Amino acid sequence: MSQLGRTLRPRRDTSWEVHVAASCQTGAVPKGSNSVRRREPGTPDADERREYTTSELEVCANCDGPIAIDNRGLFCSEACHQMASYVRYARRVARDPARRDDPDVAEALRIRLAFVLGGGYPAAERKLTDAARAAVVDRDSGRCQNCGGPGDQVDHIDGSSNDMSNLQLLCDRCHRQKTTSNFTPAGPEATLLAIELQATRVAPDQPARPCDDEVRWTVESRWRKSARIKMLWDQVLEDTGTDRSEWVGWPWSEVVMEWIDRAGYGDGPGGAGEYGGEW
Ligand SMILES: [Zn+2]
Ligand SMILES: [Zn+2]
């Protein structure tokens, strides 16, 4: 335990990479046949929940790299989250004869893989509110701005700005066409990564990582996330000699700043704001 604790604690000589983490949900696990969501065969039951070791909660579920302490999620970055999500999607498709041969699904896979190889889709940056989405649909009269058919997808015209002038309504077909027309051929490194992902994580019957498990991960990730949050809180309380009740109402990012301050760690975080996702 002491060794695990040491790797979690920030040290004076450590340079920090800080991300802004949104609040995480630690909702109850759906259990039994009363559950509203359909349970796939193989979905773990609540009684399969196990203890997670500190060392497995400290590292990214996708790449085993360290996760910043102000990030309460299970991935070190949005890119890693998306890579694991792509792997699960590809595994699901590969094991479903009906979808495996569907050209639309094949194209969706290709698009998702291209974003993974390109370092990830800026999902957090581009996240729109329901109101913004509705405003675009309204302004564009529900029509695809390319072909004039019914549109249902909000496209970022150029870059990630969420300004109304950079948003337009497109239909699924035109949106895909536009997306893929911007793709450039993968270089040798990206090609190698694609081959490696396919061979080591998509193809094998047994998932190589827990986050690759297309059946279990939805439930498993919830368990892990609440275990990680508990682990972080235990560390905060221990390092600051405080009680949980003293922190009621504190956003996590501020808890982390205070944690660093009170525990007397020399180096503060730098470069905030890279990570805004909620995973
Ligand atoms: Zn990672
Ligand atoms: Zn269209």
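A nonpolar core, as the term is used here, is a set of buried Ala, Val, Leu, Ile, Met, Phe, Trp, Tyr and Cys residues joined through C-beta atoms within 7 Å. The model is a predicted one, and its largest core of this kind has 26 residues. Within that core, F75, M83, A84, Y86 and V87 have the most contacts. Helices α3, α5, α9, α10 (217-240) and α11 (252-263) are the elements that give two or more residues to the core. The largest share, six residues, comes from α3. In soluble globular proteins, nonpolar side chains tend to be buried together.

Leaving aside residues up to four places away in sequence, A84 touches A61, N62, F75, C211 and D212. Another core lies apart from the largest one and has six residues, including C144, V154, L167 and L170.

Helix α5 covers residues 103-117.

Which residues of α5 are buried? They are L113, V116 and L117. These residues cover an arc of only 90° around the axis, so they sit on the same side of α5. An α-helix has 3.6 residues a turn, and therefore residues three or four places apart point the same way. The cover over the buried residues of α5 includes α3 (78-94) and α9 (188-202). After α5 comes G119, which has a positive phi, near 100°.

Terms used
Residues numbered from 1 in each chain as written. Chains lettered and ligands numbered in written order. Predicted model: local features only at pLDDT ≥ 70, side-chain atom pairs only at ≥ 80, totals over all residues. Helix = DSSP H or I, 4+ residues; strand = E, 2+ residues; numbered from the N terminus. Expected span 1.5 Å × (residues − 1). Buried ≥ 20, exposed ≤ 12 C-beta atoms within 10 Å, placed from the backbone. Arc of directions from axis to C-beta. Contact = placed C-beta atoms within 7 Å.
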